[in-house]
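Hi everyone, and thanks for coming. I'd like to walk you through a structure that may be new to you, so please have a look at it before I start.

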Amino acid sequence: MSDIVVDICNLSRDFGGGRTITGGKKPVIRAVKDVSLSIARGRTLGIVGESGCGKSTLARMVVGLLEPTEGSIRLDGEDVAALSGKDKRAFHRKIQMVFQDPLSSLNPRKTVREALEAPLRALTDLDGAARKARVAELMDIVGLRPEFIDRYPHEFSGGQCQRIGIARALAAQPPILVLDEPVSALDVSIQAQVLKLLRELQAELGLTYLFISHDLAVVESLCDEVAVMYFGELVEHAPREKLFASPAHDYTRQLLAAVPVPGQRRLH
């Protein structure tokens, strides 16, 4: 079995095109341009870059929420574009996503129990008793008290909501998680707790992460490899230590230079 679980080859995504109401042509914007990357089993690949550089578009293509304009994505050697029916269901059991805004990613009309049971109903064949047991297990895995299970999202803090989001993503036991800015909406102290949870889950469950972020400090603390995107293009990809110690691309150097250093005053 290959160690490569996610293989992204020459991936591109366009938005726009078509005709305006007056008959003119809408411009085509290429949000992701010919990106090729791979992720090894049990490892964490970080994707960094400024807002609008194509990071989230790439993440949504990998998890199947957007279709590529060009290129391919292989999961455990299988071409995602060729999957349908039961194979598509199996794909969604293998890879799930944790979203940036923990509160808005949860249905306000659904309790935690209902939120966690939804993927179990859609992606597994567990009966009612087994689903109930799995939901209780998920609450324990992410460090939430069992009495919270029938509460609604608005009754939780941002950090607790993100724990619910992580639990929902893990419900069908996928080996791969795509994490799209999972701590950027949280206070710094809560960020540290969620990152600690992600590290523990990876160690205990053998998870593979694709971690999207604009925060280089977070990426340095969590990721094994780092890929840098700039205006939709991949401009650098290296092991974490090498990239932070000796960045090869000028844009990467600019990103690192812009990171605030504690105790150092920035001149204006």
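This is a predicted model: local features need pLDDT of at least 70, side-chain atom pairs count only at pLDDT 80 or more; totals for chains, interfaces and linings use all residues.

Let's begin with helix packing. Two packed helices are described by the angle between their axes and the distance between the axes.

Take helix α3, residues 112-123, together with helix α4, residues 128-141. Which residues in α3 and α4 meet? From α3 we have V112, R113, L116, E117, L120 and R121, and they meet R131, K132, R134, V135, L138 and M139 in α4. By class, this contact of α3 with α4 divides into six nonpolar residues, six charged ones and no polar ones. As for geometry, the axes of α3 and α4 lie 10 Å apart, at an angle of about 120 degrees.

The crossing of α3 and α5 is right-handed. On the α3 side, the contact is made by V112, A115, L116 and P119, while α5 brings I164, A167 and R168. Six of the residues in this contact of α3 with α5 are nonpolar, one is charged and none is polar.

The next partner of α5 is helix α6, residues 188-205. At what angle do the axes of α5 and α6 cross? They cross at roughly 20 degrees and come within 10 Å. The helices α5 and α6 are therefore roughly parallel to each other, and their crossing is right-handed. From α5, the contact uses G159, Q162, R163, I166 and L170. From α6 come I190, Q193, V194, L197, L198, L201 and L205. Eight residues of this contact of α5 with α6 are nonpolar, three are polar and one is charged.

The largest pocket has a volume of about 220 Å³. It is lined by 14 residues, and the closest to its centre are L66, E67, P68, V80 and A81. Which strand gives the largest share of that lining? That would be β4, residues 70-75, with four residues. The lining of the largest pocket has six nonpolar, four polar and four charged residues.

The second largest pocket has a volume of about 170 Å³. Eleven residues line this pocket, with E50, H214, L216, L255 and A258 closest to its centre. Its lining has six nonpolar residues, four polar ones and one charged one.

That's my tour, and I'm happy to take questions.

Technical notes. Residues are numbered from 1 along each chain as its sequence is written. Side-chain values use heavy atoms; hydrogens and water are left out. A crossing is left-handed if the near helix is turned anticlockwise from the far one by less than a right angle, and right-handed if clockwise. Helices (H or I, at least four residues) and strands (E, at least two) are DSSP runs, numbered from the N terminus. Contact means heavy atoms within 4.5 Å. Ala, Val, Leu, Ile, Met, Phe, Trp, Tyr, Cys and Pro count as nonpolar, Asp, Glu, Lys and Arg as charged, and the others, Gly among them, as polar. On a 1 Å grid over the protein atoms alone, a cavity is a set of points where a 1.4 Å probe fits but cannot get out, and a pocket is an open set with protein on both sides within 12 Å along at least five of seven lines; lining residues have an atom within 4 Å of a point. Grid points are joined across faces, edges and corners, and a volume is the space filled by probe spheres set on the points. Axes are lines fitted to C-alpha atoms, for helices over the stretch in contact, and angles run from 0 to 180 degrees between N-to-C directions. Angles under 35 degrees count as roughly parallel, over 145 as roughly antiparallel, 65 to 115 as roughly perpendicular and the rest as oblique.
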